[in-house]
Amino acid sequence: MKRTITAFVLLAAIIIWSVTGIFIVRKENSDLVEVIESIEAYCENDDMKRAEELAGQLEAMWRRYERKMSLIVADEKLKDLSIAISKVKPYCRDANDELIAELENIKRQLELIYRSELPFWYNIL
């Protein structure tokens, strides 16, 4: 009987950890996407100084995000995203044409991270 109870407690802990992880990923992603969309808006209005300031804020948010997500998300996904985020500030500084494409790439990668954490049959297998 004790083994059965222990098994159910462990199963409940795993389920709670998984559900909590999904909510953490969703909230953190939405915070990053808000900043990314603000950077896009400033770029469209040719306010690259303000966009560069927000890019610095994005990098700071990313460092916190990466620490939290390293417990939940696979390392290679975070590494790819880290490379993309590191390009944003120099692109703002140089007013590079590829900035918007890089921001869209980051948003897409964040969406993929969220989807990979959802419990669908193709994610479990």
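User: Which residues of α1 are buried?
Analyst: The model is a predicted one, in which local features need pLDDT of at least 70, side-chain atom pairs count only at pLDDT 80 or more, and totals for chains, interfaces and linings use all residues. Residues are numbered from 1 along each chain as its sequence is written, and side-chain values use heavy atoms, with hydrogens and water left out. Buried denotes under 20% relative accessible area, exposed over 50%, and partly exposed in between (1.4 Å probe, protein chains only); helices are DSSP runs of H or I with at least four residues, numbered from the N terminus. On these terms the buried residues of α1 are G21, I22, V25, E28, N29, L32, V35, I36, I39, E40 and C43.

User: Against which helices do the buried residues of α1 pack?
Analyst: Contact is taken as heavy atoms within 4.5 Å. By this criterion, the partners of the buried residues of α1 are α2, α3 and α4.

User: What distance does α1 reach from its first C-alpha to its last?
Analyst: The expected span of a helix is 1.5 Å times one less than its number of residues. For the 43 residues of α1 the expectation is 63 Å. The model is close to this, as α1 reaches 63 Å.

User: How do α1 and α4 run relative to each other, roughly parallel or roughly antiparallel?
Analyst: Axes are lines fitted to C-alpha atoms, for helices over the stretch in contact, with angles from 0 to 180 degrees between N-to-C directions. The axes of α1 and α4 come within 10 Å and cross at roughly 170 degrees. Angles under 35 degrees count as roughly parallel, over 145 as roughly antiparallel, 65 to 115 as roughly perpendicular and the rest as oblique. The crossing therefore makes α1 and α4 roughly antiparallel.

User: How many nonpolar residues does the contact of α1 with α4 have?
Analyst: On the α1 side, the residues that meet α4 include I22, V25, L32 and R26, and on the α4 side they include L103, I106, L110 and K107. Ala, Val, Leu, Ile, Met, Phe, Trp, Tyr, Cys and Pro count as nonpolar, Asp, Glu, Lys and Arg as charged, and the others, Gly among them, as polar. Besides one polar and six charged residues, the contact of α1 with α4 has 14 that are nonpolar.

User: What arc around the axis do the buried residues of α4 cover?
Analyst: The buried residues of α4 are L99, E102, L103, I106, K107, Q109, L110, I113 and Y114. They lie on the same side of α4, because the directions from the helix axis to their C-beta atoms cover an arc of only 160 degrees.

User: What is the relative accessible area of D46?
Analyst: D46 lies in the loop between α1 and α2. Although D46 is not a glycine, its phi is positive, at about 60 degrees. D46 is exposed, with a relative accessible area of 66%.

User: What separates the C-alpha atoms of D94 and M48?
Analyst: D94 is found in helix α3 and counts as exposed at 56% relative accessibility. D94 and M48 are 46 residues apart along the chain, and their C-alpha atoms are separated by 8.7 Å.

Methods
Helix = DSSP H or I, 4+ residues; strand = E, 2+ residues; numbered from the N terminus.
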